[in-house]
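User: I'd like to learn how to read the side-chain features of a model. Could you walk me through them one by one?

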Amino acid sequence: EELAEVLIRGIDKSPAAKKRPLKEKLGAVLADRLARYDEAKAIFDELLEENPNNRQAKQYKQRILAQSGDFPELLGMYEKEKNLPGLLRFLDEYRKKEEDEGRARAAGMEMHRIASKVLKDKNRASQILESLLEQFPDDAGVARMLLASYPKKREDLDVARALGVIADNAE
């Protein structure tokens, strides 16, 4: 909190040319140390307005959007750059590192939505569901989605695994 106040005073008193690095540090402190994500996002938005190629501001904003579950805005950032494969990589890394199961699952489900609805890539969507089932082996919802994604006559271990998860979680 004290560091944030020092940075704010520094920004207020600094000439325009020196404000950018102080704003970047303030945004990082607000996001990383104080969990004040809305304020941090506003700072990174301002930095990106000044310079749309500010890589640090972009990366922090993407992480904040993923943590807050604001996938439509996150998708918009990547669509603007025409880099949906980059978004899938970002979400995949995020979901694997995220300790909060709900957020990790939400990121994985967003990956599936993008692959199936936006990219219309059924194989990639199935691969994402398989990876999600590995990460969340008791998730009957993911198992049902995976089972539904398989061709009707497919009979192999993947189908048996999905059916096993569903059966284990049936009440």
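User: Let's start with charges. How many salt bridges does a search of the whole structure find?

Analyst: The general idea first: side chains of opposite charge can pair when their charged atoms come close. Here the cut-off is a side-chain nitrogen of Lys or Arg within 4 Å of a carboxyl oxygen of Asp or Glu. Searching the whole structure that way turns up 15 salt bridges. Keep in mind that this is a predicted model, where local features need pLDDT of at least 70 and side-chain atom pairs count only at pLDDT 80 or more, while totals for chains, interfaces and linings use all residues. Residues are numbered from 1 along each chain as its sequence is written, and side-chain values use heavy atoms, with hydrogens and water left out.

User: Which parts does the salt bridge of Lys-41 and Glu-73 tie together?

Analyst: Their side chains meet at 3.4 Å, N to O. Lys-41 sits in helix H3 (residues 37-50) and Glu-73 in helix H5, so this bridge ties together parts 32 residues apart in sequence. Helices here are DSSP runs (H or I, at least four residues; strands are E, at least two), numbered from the N terminus.

User: And is Lys-41 buried or exposed?

Analyst: The scale is relative accessible area: buried is under 20%, exposed is over 50%, and partly exposed is in between, with a 1.4 Å probe and protein chains only. Lys-41 comes out at 19%, so it counts as buried, whereas Glu-73 is partly exposed at 27%.

User: What about the salt bridge between Glu-98 and Arg-103: how far apart are the closest N and O atoms?

Analyst: They are 3.6 Å apart. Glu-98 is buried at 16%, and Arg-103 is partly exposed at 30%. Bridges can also share partners: Lys-41, Asp-45, Lys-61 and Glu-73 are joined into one network that way.

User: On to rings. How many aromatic pairs does the structure hold?

Analyst: A pair of aromatic rings is described by the distance of the centres and the angle of the planes. Rings of Phe, Tyr and Trp (its six-membered ring) pair if their centres lie within 6.5 Å; planes under 30 degrees apart are stacked, over 60 edge-to-face, and the rest tilted. The structure holds three such pairs. One of them, Phe-44 with Tyr-60, is stacked, at 5.0 Å centre to centre and 10 degrees between the planes. Phe-44 belongs to helix H3 and Tyr-60 to helix H4, so the pair ties together parts 16 residues apart in sequence. Both Phe-44 and Tyr-60 are buried.

User: Why is the pair of Tyr-78 and Phe-90 tilted?

Analyst: Because the planes are at 35 degrees, with the ring centres 6.3 Å apart. Tyr-78 is buried at 6%, and Phe-90 is buried at 17%. Ring pairs link Tyr-78, Phe-90 and Tyr-94 into a cluster.

User: Last one: how many residues does the largest nonpolar core have?

Analyst: A nonpolar core is a set of buried Ala, Val, Leu, Ile, Met, Phe, Trp, Tyr and Cys residues joined through side-chain atoms within 4.5 Å. The largest has 32 residues, and Leu-74, Leu-87, Leu-91 and Leu-132 have the most contacts inside it. Several helices each supply at least two of its residues, among them helix H4 (55-68) and helix H10 (157-168). A second, separate core of twelve residues includes Leu-26, Ala-31, Ile-43 and Tyr-60.
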